[in-house]
Amino acid sequence: GATGPVRVLSVAIGGYGFHYLRTFWDQVPRDAAVLAGVVDPQARSSPIWPEVEAAGVPVADTMEAFYAGGHAIDLAVVVSPIQAHVPQSLVALAHGSHVLCDKPLGATIQDARALVAARDRAARLSGGLQAGGRDTARARRRRGRHRHRVGRCAACFGTVPRRACRA
């Protein structure tokens with residue numbers, strides 16, 4: 001929070017979520033950020049579950065259940081299946097959390113636009129992210145050529161579905 005480490009919610013800890021959480025625990029200093037919660041209906045089947053359980057991190061099946069439990073977080077990192085990105089990000093924004101969403105932001109361009117509009121109304125950070133280490137020279141060159149009204153196309157290391165790119 002404002003006076004302590006950033007309280008992070010990991011939305012999904014299987015698949016890519018496992019890698020994000022593993023990197024988070026291995027590389028982020030505990031005085032900078034702490035895992036304050038997990039939302040994942042399949043959390044117990046993740047390879048990182050024993051560490052989550054041992055840490056005593058609150059776990060919920062849904063975003064609504066997590067927030068209804070009175071848990072406070074600063075940042076939701078959404079790395080769930082693509083079709084869940086927008087609905088889960090909208091719940092986090094509605095509860096005053098900042099959002100960092102894995103790419104693409106949504107399954108459709110309309111979903112991505114809805115999330116951007118909600119971000120603007122909430123005056124919160126909300127953005128797409130790419131798993132680390134993939135910022136190639138080719139991606140950096142292409143980034144400037146494919147501009148869209150909602151971010152950049154996924155082919156260019158961006159935030160809208162690939163089919164939305166007409167470049």
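**Ground rules.** I'm working from a predicted model, where local features need pLDDT of at least 70 and side-chain atom pairs count only at pLDDT 80 or more, while totals for chains, interfaces and linings use all residues. Residues are numbered from 1 along each chain as its sequence is written, and side-chain values use heavy atoms, with hydrogens and water left out.

**Strand β4.** I looked up residues 75-78, which form β4; strands here are DSSP runs of E with at least two residues, helices are runs of H or I with at least four, and both are numbered from the N terminus. Leu75 and Val77 point one way, Ala76 and Val78 the other, and all are buried (under 20% relative accessible area, 1.4 Å probe, protein chains only). In a regular strand the side chains alternate between the two faces of the sheet.

**Neighbouring strands.** I checked the pairing next, which takes at least two DSSP bridges between two strands. β1 (residues 6-11) runs parallel to β4 with four bridges, and Ser10 has Val77 as its bridge partner. On to β5 (residues 98-102): four bridges again, also parallel to β4, with Leu75 partnered by His98.

Which residue did I look up between β4 and α4? I picked Ser80, found in that loop. I noted Ser80 as buried because its relative accessible area is 8%. Its side chain makes a 2.4 Å polar contact with that of Gln88 (N or O atoms within 3.5 Å, one able to donate a hydrogen and the other to accept it; residues adjacent in sequence count only if both atoms are side-chain atoms). Beyond four places in sequence, Ser80 is in contact (heavy atoms within 4.5 Å) with Val11, Ala12, His85 and Gln88.

Notes
Buried < 20%, exposed > 50% of the residue type's maximum accessible area, 1.4 Å probe, protein only.
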